[in-house]
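Good morning, and thank you for coming.

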Amino acid sequence: MFTSQLDPAQRVSALKSLASEDFDILIIGGGVTGVGAALDAASRGLKVALVENQDFASGTSSRSSKLIHGGLRYLEQYDFKLVREALHERELMVTTLAPHLVKPVAFLYPLHEKYRERTYVGAGLALYDILRGFQRALPWHKHLSEKKIAEIAPSLRGDLINGAIKYFDAQVDDARHTLSIARTAARHGAVIASRVECEELVREGKRVVGAKVRDLASGKKITVSAKVTVMCAGVWSDQLHENFGIKPGYKVAMSKGAHIVLPKSAIKSEAGIILKTTDSVLFIIPWGDQWIVGTTDTPYKADRSSPVASREDVEYIIEQANRVLLPKIKSSEIIGVYAGLRPLVANSSSSSTTKLSREHTVDRPVPGFVSIAGGKYTTYRIMGKDVIDLAVNDLRRIVAESVTEKLPIIGADGFFALEQQSAQLSELSGLSESAIKHLLNRYGSLINEVLAIITEDKKLAQQLSPELPYLKAEVIYAVTHEGAQSVDDVLSRRTRIAFEASDGGESLAMPVASLIAPVLGWDAAAKKSSVAEFMKLLKSERAALTKLLSQVNS
Ligand SMILES: Cc1cc2nc3c(=O)[nH]c(=O)nc-3n(C[C@H](O)[C@H](O)[C@H](O)COP(=O)(O)OP(=O)(O)OC[C@H]3O[C@@H](n4cnc5c(N)ncnc54)[C@H](O)[C@@H]3O)c2cc1C
């Protein structure tokens, strides 16, 4: 009855539903928190709508370090509740909820000193392993000898390192995961539309009874009727509270975090590396044929929609990584850079963003309106459950409990079996086994839908570029099933070409536009404008890199 397919026809039908139906819950924001809340509410049997004013995950939820983790550094802050909760979510995602997307990843914690540091870090990692409880999808931590470290990570400086401890966390393509949750919510009946902005609330007396939203494609205003409006707007929360004339119970401080992306050849290591810095930690994270290195943590006050890394951010990351790496990373090796904004629930007694709590806050400032902010990507499911638990009080009827702990997201079912059948799938489809593995790790059991596109047109089995594994069929699938509506959606979030390709995807913008134009009904002018919009974003995101490289070359 319901479908997970997000395409142009579904969007038209969603806009119609927004205008004509009465919803139990209207969610503002299509980041991981909003889509998690939409899935939680829809799977309790509620009638749900979600509006996102840009693309799904285009805010913080596509710009994280992409780790599904307990957060080792929160142990040092004695935040055991947060760590335990996050580790439970990590196990759930790796084993049940999203095993096609959330993968274990090994990290080395280098030690500089033989006894005291080893005891301290070893005890911390033992606690980290214990806090996850009896579920054990990921291996236990392990102390490594200097010889073993040299084998696993030849790039770690042997003259400085006295040992290392290997431990496991997990990683995910955040934008893809968020989109998959949105599609799962749609499959359970949620009405979902991106590029629809919530502009104001509708009130009856003091009670909020819905919102006025604008379809940014047509400019048309729609009044959505909903018993409860749930705001999941991340770093936009303060701004929206102000626009809505609402006095919230919390404020959201923004902290910018930047990452650089390097080719695999830049660092020789079979595992990721975590380094302690003065205020926080730096991760060197394996990412396909690249490394993602970051992050920074600096207070931020500028434009929320387009945070960019500064030259200082990039220099800081290189400097921190180079404390332990040999050969050192050179700025000329960097292929990509991105930055995101952490929504930190501000506590007036604290001024430094590194000290602000990573836990989330739920709020009900007026009847019919609740909101949530803060938290971590890893705990999105709990955030969704908590905010819907609060929202249902306003429905004044008995509502079923959350079932998301037992609800795998689309593509998860049958994944482990399909993984073992990759040779057969390769034979049946004519694609290489590595292409099948690439598709399985992005679509899971929905691989059939991508393969069906290739059956229709064999040319779409070709790679989009020899540098990266994405197939042309995936670009088509992005617009026929995944709600992509622009070149930027495809290059920045349905694929991660914008930070994985050495030119940021510049050379692929027009080929992608040509592939999606017929599906989206674009003429030549619309194609050109979508390419131009992507190029503008790319230029601003890579400005720091361009500056740095021109300095190196001059
Ligand atoms: C650098 C960095 C690294 C991080 N690394 C990790 C990590 O490794 N692991 C981890 O667990 N967490 C990590 N986090 C935290 C995590 O990414 C965030 O907590 C999470 O993504 C926040 O999701 P959200 O949905 O609350 O916000 P967002 O993703 O920002 O979503 C809010 C959405 O609301 C939409 N919106 C705003 N106004 C309107 C409106 N008027 N109408 C409709 N929609 C609107 C926005 O467009 C946006 O899409 C990191 C964060 C940063 C910045």
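Let me begin with Tyr78, which is exposed because its relative accessible area is 66%. By exposed I mean over 50% relative accessible area, by buried under 20%, and by partly exposed anything in between, with a 1.4 Å probe and protein chains only. Tyr78 sits in the loop between α3 (72–76) and α4 (80–97). Helices here are DSSP runs of H or I with at least four residues, strands are runs of E with at least two, and both are numbered from the N terminus.

Before going further, a word on the source: this is a predicted model, in which local features need pLDDT of at least 70 and side-chain atom pairs count only at pLDDT 80 or more, while totals for chains, interfaces and linings use all residues. Residues are numbered from 1 along each chain as its sequence is written, and side-chain values use heavy atoms, leaving out hydrogens and water.

Tyr78 belongs to a nonpolar surface patch with Phe80 and Leu127, and together they have about 310 Å² of accessible area. Such patches are made of residues with over 30% relative accessible area and no salt bridge; nonpolar side chains (Val, Leu, Ile, Met, Phe, Trp, Tyr) are joined within 5 Å, like charges within 9 Å. The areas come from the Shrake-Rupley method with a 1.4 Å probe, and for residues only the protein chains shown count as cover.

Let us now turn to the interior. In soluble globular proteins, nonpolar side chains tend to be buried together. Which residues have the most contacts inside the largest nonpolar core? They are Ile25 and Val230, in a core of 84 residues. Helix α2 (residues 32–42) supplies the largest share of this core, seven residues. A core, in this sense, is a set of buried Ala, Val, Leu, Ile, Met, Phe, Trp, Tyr and Cys residues joined through side-chain atoms within 4.5 Å. Beyond four places in sequence, Ile25 touches a list of residues that includes Ala41, Leu46, Val228, Val230 and Ile388; contact means heavy atoms within 4.5 Å. There is also a second, separate core of 46 residues, with Leu464, Leu468, Ala498 and Ala509 among them.

Next, the strands. Two strands are said to pair if DSSP finds at least two bridges between them. Strand β11 (residues 251–263) runs antiparallel to β16, and eleven bridges join the two. Within this pairing, Lys251 stands opposite Ala346 of β16. Strand β16 (residues 336–346) is mostly covered, with ten of its eleven residues buried.

Strand β12 is likewise mostly covered, since four of its five residues are buried. On one side of our account, strand β4 (residues 103–111) runs parallel to β12, joined by two bridges, with Phe107 opposite Gly272. Strands β12 and β13, by contrast, pair in the antiparallel sense over four bridges, and Ile274 has Phe283 as its bridge partner in β13. A hairpin of four residues joins β12 to β13.

Is Thr277, in the loop between these two strands, buried or exposed? Thr277 is buried, because its relative accessibility is 7%. Leaving aside residues up to four places away in sequence, Thr277 touches Leu282, Tyr316, Gln320 and Arg323.

I come finally to charge. Side chains of opposite charge can pair when their charged atoms come close. The whole structure contains 35 salt bridges, each being a side-chain nitrogen of Lys or Arg within 4 Å of a carboxyl oxygen of Asp or Glu. In one of them, Asp40 and Arg44 bring their closest N and O atoms to 2.7 Å apart. Asp40 is buried at 0% relative accessibility, and Arg44 is buried at 8%.

For Lys148 and Glu151 the corresponding separation is 3.6 Å. Because they are three residues apart in helix α6 (residues 146–152), about one helical turn separates them. Lys148 is partly exposed at 37%, and so is Glu151 at 47%.

A further salt bridge, between Glu199 and Lys221, has its closest N and O atoms 3.5 Å apart. This pair links distant parts of the chain, 22 residues apart: Glu199 in strand β8 (residues 196–204) and Lys221 in strand β10 (residues 221–231). Lastly, Asp55, Arg195, Asp488, Asp489, Arg493 and Arg494 are linked in a network of salt bridges.
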